[in-house]
Structure formats: C-alpha cells, structure tokens
Amino acid sequence: MRPLRNPFLQTVLANLLAVWMRFCVATIRWTHENEAVAEKVWADGGPVICLFWHSRISLTPACWPHHRAQEVRAIISLSPDGQFIARAMEKVGFPAIRGSSANKDKADRAKGGSAALRDALRQLRSAGVAVTPDGPRGPMREMGDGVAVMARLSGAPVLFIGLSCRPAIRLGSWDRAVLPLPFGRGAVVWDTDTFPEGLSTDEVTLRWADRLTVVEARADAITGLERV
C-alpha cells in the first residue's frame with residue numbers, strides 16, 4: 001500500500017512537511033526581486049491569480065505575507081497525492097480548492113476540473129487563487145489553458161512567481177521537485193500581467209508559460225540552483 005493512500009500516514013506526513021517548509025523558509029536568507037508589483041497587488045487587496053511551477057510548491061510560504069495580503073486558495077488535484085499536498089498547503093496558509101483539469105479523457109477528472117473552475121471564479125470575486133499550471137502530472141513547465149480562461153472570465157491580474165533556494169534536494173518526481181534545506185539562500189522574483197485584449201487563449205497561454213519560466217530561471221540564477 002502506498003503511504004499517501006493511508007489517511008493516518010497522510011496526515012502525519014503532511015504535518016511534517018508543513019513544519020519542514022516553515023522551518024526552512026524561516027532560516028533561508030531571501031532575496032526579493034521586482035517585489036513592487038506584488039506589493040501593489042497586496043495593497044489593492046482584490047482578486048489575483050498566483051502562478052508558480054509545480055516543482056516549487058514546497059517554497060510557496062516564502063512568497064505570500066498572509067498577515068497583510070489577501071486570502072489565497074490553492075487549486076489542487078483530486079488524487080490521493082493531491083490530498084496529501086492539500087493537507088500540507090492548508091497548514092502553511094493555502095486552503096485548497098480541489099479539482100484538476102488534467103486527464104480530460106476521464107469523466108471524473110473533467111468533472112473535478114469544472115468544479116474547480118467554478119469555485120476558483122467565486123474565490124476571484126474578492127480574493128486570490130494559486131495555481132501550478134503544469135500540475136498535477138505535467139509535462140514539466142507546460143501550461144494548460146485553464147489559467148488564461150480563468151483570467152479572461154474573472155478579469156483578475158496574474159502574478160508570476162519564481163521561487164528558488166540552494167542548497168536543496170531534487171526529488172525524482174516528474175517535475176524534479178525542489179525540497180528546501182535550511183540555512184541556505186533563497187530568491188523570490190515576481191512579474192505581473194492581465195489578459196491582453198485581441199489575443200486568443202492559446203496565444204496568452206504560451207506567452208504566460210514563457211514569462212513564468214523566466215521569473216523561475218531568474219530566481220535560480222540568484223541562488224545558483226542548477227536548472228533541470
């Protein structure tokens with residue numbers, strides 16, 4: 001039996017991961033670049049779509065000051081692994097919206113994606129949504145069209161967030177996930193945009209995937225983390 005399918009072990013491991021994430025974020029020396037765009041979003045206090053690639057989930061506590069920024073809920077898949085991530089993310093301040101647009105050939109996944117989109121649009125009336133647009137199964141750094149659809153329908157600004165730290169452990173998962181180690185160097189790099197008039201959803205998706213990769217690559221350049 002896979003450990004993440006056991007509810008008790010899932011809860012224990014999620015709690016341990018959340019504690020580790022907070023410990024590492026507190027002890028890492030962080031560099032912030034282009035933070036002014038994020039400060040404006042936090043000061044406005046309205047809806048926002050926050051994007052970071054799936055491999056950097058463990059670093060997300062470093063990018064959102066919950067004491068002065070709007071509430072953000074994270075869209076997380078309906079899979080057992082997703083439940084584990086949802087438990088850990090809730091512990092670090094990102095309650096979950098459960099659903100996924102992956103595997104559109106499967107009815108249960110499609111229904112989950114539709115429900116997640118509806119819940120996200122309700123959330124975006126006044127607060128924020130966090131999305132890993134290459135999750136839950138990849139391909140790595142390839143963005144689905146759900147983010148662009150969400151931005152077009154809601155009118156919410158998009159905040160691209162590049163996260164990095166070194167030293168770190170690279171997991172053998174499909175996304176080569178980064179697990180932080182304490183007392184190292186970290187970086188958070190921001191960029192922002194709104195859905196551009198006159199462009200198709202596909203065009204915006206490609207443009208935004210590139211911009212998200214750019215801020216992540218810049219964060220890696222600051223910390224010296226090797227790109228994969």
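Student: Which residue forms a salt bridge with Arg68?
Tutor: A salt bridge here is a side-chain nitrogen of Lys or Arg within 4 Å of a carboxyl oxygen of Asp or Glu. For Arg68 the closest N and O atoms are 2.9 Å apart, and the partner is Glu39. The pair links distant parts of the chain, with Arg68 in the loop between β2 (48-51) and β3 (72-76) and Glu39 in helix α2 (residues 35-44), 29 residues apart. Helices (H or I, at least four residues) and strands (E, at least two) are DSSP runs numbered from the N terminus. The name asked for is Glu39.

Student: How is the model to be read?
Tutor: It is a predicted model, in which local features need pLDDT of at least 70 and side-chain atom pairs count only at pLDDT 80 or more, while totals for chains, interfaces and linings use all residues. Residues are numbered from 1 along each chain as its sequence is written, and side-chain values use heavy atoms, leaving out hydrogens and water.

Student: Is Asp220 buried or exposed?
Tutor: Buried means under 20% relative accessible area, exposed over 50%, and partly exposed in between (1.4 Å probe, protein chains only). Asp220 forms a salt bridge with Arg56, and Arg56 has a relative accessible area of 1%. Asp220 also has a relative accessible area of 1%, so Asp220 is buried.
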